[in-house]
Amino acid sequence: MAHIPHRTPTAAALVLLGVTGIAMTTAAAAPPTPAPSDTPQAFTATVTPVSPDRLRHSWRRGCPVGPGDLRMISMTYWGFDDRPHKGELVVNESVAEEVVSVFRKLYGQRFPIRQMRPVDAYKGSDDASMAADNTSAFNCRRVETSGSWSQHAYGLAIDVNPRLNPYIHPYPGGTVAPPNAKNYVRRPLDRPGVINPGDNVVNAFKKIGWGWGGSWSSEKDYQHFSQNGR
């Protein structure tokens, strides 16, 4: 009897023999199609010294701290367009890392921030920065009602979404600052970017020991957080 060499059946032959399962294993597997990623950009922050050129309008000789006492935080924040953005905040060196921890939490919670620019972008005008709903920190200025240095002059205070979280003084006649914030006076107010008593923003600052101007007894400063609570 002649010797018949052994041959491996073709896939077609296996199908004919009813061995479809084996035939499938001989075909080359197609590479999996990667799923589209909807993971947002991770929070990032860098802390660096501040060049005096960046403080031309917000610092001057006689201020309670010098440029060497300040730091620039460049970090990610969540915008009202549901997208990440890069912003800058000038704060005292002693609190820079604590401030980063607060905004890391707010970013993770998707708390929206309108914009985050040093007040020098508004030539040192607190009124212009507030009207633009700009989140800022250091500004060498005094408290209008007392004439003493504001906590902002030390880089130890931050105003968050100031148009959505206005300053309200009951006298005379109920002053609201900025003036374009009159629709955001009431609390509680369920609107994006608005800060309410006991919410995530208040608790994030409370975690680092900072107080909120919205808890003051007479005047209310819903935008304002500071290390000493004033």
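What share of the contacts in the protein chain with a separation of 6 or more comes from residues 24 or more positions apart? Such residues account for 55% of them, where contact means heavy atoms within 4.5 Å.

The model is predicted: local features need pLDDT of at least 70, side-chain atom pairs count only at pLDDT 80 or more, and totals for chains, interfaces and linings use all residues. Residues are numbered from 1 along each chain as its sequence is written, and side-chain values use heavy atoms, with hydrogens and water left out.

**Overall make-up**

The protein chain holds five helices and eleven strands. These are DSSP runs numbered from the N terminus: helices are H or I with at least four residues, strands are E with at least two. Of the 230 residues in the chain, 43% are buried. Buried means under 20% relative accessible area, exposed means over 50%, and partly exposed lies in between (1.4 Å probe, protein chains only).

**Strands**

Strand E2 covers residues 70–78. Eight of its nine residues are buried. E1 and E2 run antiparallel and are joined by five bridges. Two strands count as paired if DSSP finds at least two bridges between them. Thr-48 stands opposite Met-72 in E2. E2 also pairs with strand E3 (residues 84–92), again in the antiparallel sense, over nine bridges. There, Tyr-77 has His-85 in E3 as its bridge partner. E2 and E3 form a hairpin with five residues between them. In its turn, Asp-82 has a positive phi of about 60°.

An open sheet of three strands has the order E8-E7-E10, with antiparallel pairing. Strands E8 (175–177) and E10 (220–221) stand at the edges, each with a single partner strand, so one side of each has no neighbour in the sheet. Strand E7 (residues 167–169) pairs with E10 over two bridges. Ile-168 stands opposite Lys-220 in E10.

**Helix H5**

Helix H5 spans residues 200–207. Which of its residues are buried? They are Val-201, Val-202, Ala-204 and Phe-205. These residues cover an arc of only 160° around the axis, which puts them on the same side of H5. The arc is that of the directions from the helix axis to the C-beta atoms. Lys-206 and Lys-207, on the other side of H5, are exposed. The cover over the buried residues includes H3, E6, strand E9 (211–212) and strand E11 (224–226).

Asp-199 caps the N-terminal end of H5. One of its side-chain oxygens lies 3.1 Å from the backbone nitrogen of Val-201. Just after H5, Gly-209 takes a positive phi of about 90°.

**Aromatic rings**

The whole structure contains seven aromatic pairs. Rings of Phe, Tyr and Trp (its six-membered ring) pair if their centres lie within 6.5 Å; planes under 30 degrees apart count as stacked, over 60 as edge-to-face and the rest as tilted. Two tilted pairs are set out here.

| Pair | Centre to centre | Angle between planes |
|---|---|---|
| Phe-43 and Tyr-107 | 5.8 Å | 50° |
| Phe-205 and Trp-210 | 5.8 Å | 35° |

The pair of Phe-43 and Tyr-107 links distant parts of the chain, 64 residues apart. Phe-43 lies in the loop between helix H2 (20–26) and strand E1 (45–49). Tyr-107 belongs to helix H3 (residues 96–108). Phe-43 is buried, with a relative accessible area of 16%. Tyr-107 is buried at 5%.

Phe-205 and Trp-210 are buried too. Ring pairs link both into a cluster with Phe-103, Trp-212, Tyr-222 and Phe-225.

Arginines sit over two tryptophan rings. The charged end of Arg-110 is 4.2 Å from the ring centre of Trp-78. Arg-142 lies over the face of Trp-149, at 3.9 Å from the ring centre. A charge sits over a ring if NZ of Lys or CZ of Arg is within 6 Å of the ring centre and within 35 degrees of the ring normal.

**Asn-139**

Where does Asn-139 lie? It is in the loop between strand E5 (134–135) and strand E6 (157–159). Asn-139 is buried, with a relative accessible area of 5%. Leaving aside neighbours within four places in sequence, Asn-139 is in contact with Ser-58, Val-119, Gly-124, Asp-126, His-152 and Ala-153. Asn-139 and Leu-55 are 84 residues apart along the chain, and their C-alpha atoms are separated by 8.9 Å.

Notes: Polar contact = N/O pair within 3.5 Å; in protein donor to acceptor, adjacent residues only side chain to side chain.
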